[in-house]
Amino acid sequence: MNLSHRKVRTVGLATVMVIPALLLGVFSFAQDAKKAETSAQKYKNIKVLKDLPADQLGPLMHKINTALGVKCDYCHVINADHSGFDLDTKPQKQKAREMIIMTREISKRQKTLEGKASCFMCHHGSAEPAMAP
Ligand code: HEC
Ligand code: HEC
């Protein structure tokens, strides 16, 4: 009788200490999310760049233009009122998603690149990279 009573009290104490820790974790996560709006939160149709801070999406798109030697409309439908960027009409946009995933994978796996894998690494300013070795 006495023993099981003590057990309950110990478990109770542990719960009292763990729950605030969990709440604190959740709270600081919520604060982080508030600090930097992600691309997924700001834009309509983000499948790969979900965690990219929203203010970095524009600069990244400009880098992609340069790396491939194209303009935004190579991948995007752009209507007269500047809407349409969320549409997946052009196959180049889907290809670009696959390329983003691949480039990330290369960066992560190939330590010798020191995280510097990029579109430019292969494309060198051309949408279709040179195929010769
Ligand atoms: C080589 C293809 C490519 C080019 C060129 C390109 N983009 Fe994108 N863009 C993408 C892809 C792919 C996504 C979606 C990313 C995802 O799903 O995570 C995207 C997403 C976007 C979005 C978010 C739309 C939404 O609401 O979901 C905007 C805005 C955007 N691009 C603007 C631009 C602008 C401006 C340019 C030119 C400076 C540009 N892009 C050039 C491939 C491209
Ligand atoms: C490791 C080399 C490599 C990297 C890195 C790379 N690409 Fe590619 N990319 C290629 C090759 C090779 C092709 C041609 C494949 C094909 O014909 O389907 C290609 C094709 C493409 C195409 C289709 C072109 C067309 O004519 O339809 C797009 C769009 C593209 N890449 C975007 C990107 C973007 C955006 C990045 C950076 C996030 C990137 N690529 C990074 C090698 C690469």
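Select T66, which is exposed because 12 other C-beta atoms lie within 10 Å of its own. The scale used here, with C-beta atoms placed from the backbone, calls a residue buried if 20 or more other C-beta atoms lie within 10 Å of its own, exposed if 12 or fewer, and partly exposed in between. The structure on screen is a predicted model, in which local features need pLDDT of at least 70 and side-chain atom pairs count only at pLDDT 80 or more, while totals for chains, interfaces and linings use all residues. Residues are numbered from 1 along each chain as its sequence is written, and chains are lettered from A and ligands numbered from 1 in the order in which they are written.

**The whole chain**

Before zooming in, colour the protein by secondary structure. Helices (H or I, at least four residues) and strands (E, at least two) are DSSP runs, numbered from the N terminus. The protein has 133 residues, of which 3% count as buried. Among its contacts with a separation of 6 or more, 32% join residues 24 or more positions apart; two residues are in contact if their C-beta atoms, placed from the backbone, lie within 7 Å.

**Helix α3**

Return to T66, whose place is in helix α3. This helix covers 57–68. Its 12 residues reach 17 Å from the first C-alpha to the last, close to the 16 Å expected at 1.5 Å a residue; the expected span is 1.5 Å times one less than the number of residues. As background, residues three or four places apart point the same way because an α-helix has 3.6 residues a turn. Step past the end of α3 to G69, where phi is positive, at about 65°.

Now draw a distance from T66 to C119. The two are 53 residues apart along the chain, and their C-alpha atoms are separated by 9.4 Å.

**Ligand 2**

The shell around ligand 2 holds 16 residues, and the closest are A96, M99, T103, C119 and C122. Which helices supply at least two residues each to this shell? They are α3, α4 (91–109) and α5 (119–123). The largest share, six residues, comes from α4. By class, the shell divides into 11 nonpolar, three polar and two charged residues. Here Ala, Val, Leu, Ile, Met, Phe, Trp, Tyr, Cys and Pro count as nonpolar, Asp, Glu, Lys and Arg as charged, and the others, Gly among them, as polar.

Stay with α4 and select M102, which has its place in that helix. M102 is partly exposed because 13 other C-beta atoms lie within 10 Å. From M102 to C119, 17 residues along the chain, the C-alpha separation is 9.8 Å.

**Ligand 1**

Move to ligand 1. Of the 23 residues around it, Y43, V48, M61, C72 and C75 come nearest. The elements that give two or more residues to this shell are α3 and α4, and α3 gives the most, with five residues. Colouring the shell by class shows 13 nonpolar, five polar and five charged residues.

F85 belongs to the loop between α3 and α4, and is partly exposed because it has 17 other C-beta atoms within 10 Å.

**The loops**

In the loop between α3 and α4, select H82. Its phi is near 70°, a positive value in a residue other than glycine. Is H82 buried or exposed? H82 counts as exposed because it has 7 C-beta neighbours inside 10 Å.

Another positive phi in a residue other than glycine, near 50°, is found at E114. E114 lies in the loop between α4 and α5, and is exposed because it has 8 other C-beta atoms within 10 Å.

For the last stop, select N45 in the loop between α2 (39–42) and α3. N45 counts as exposed because it has 10 C-beta neighbours inside 10 Å. Which residues does N45 contact, leaving aside its neighbours within four places in sequence? The contacts are with D86 and D88. N45 and D88 are 43 residues apart in sequence, and 8.6 Å separates their C-alpha atoms.

Note on methods: Near = placed C-beta within 6 Å.
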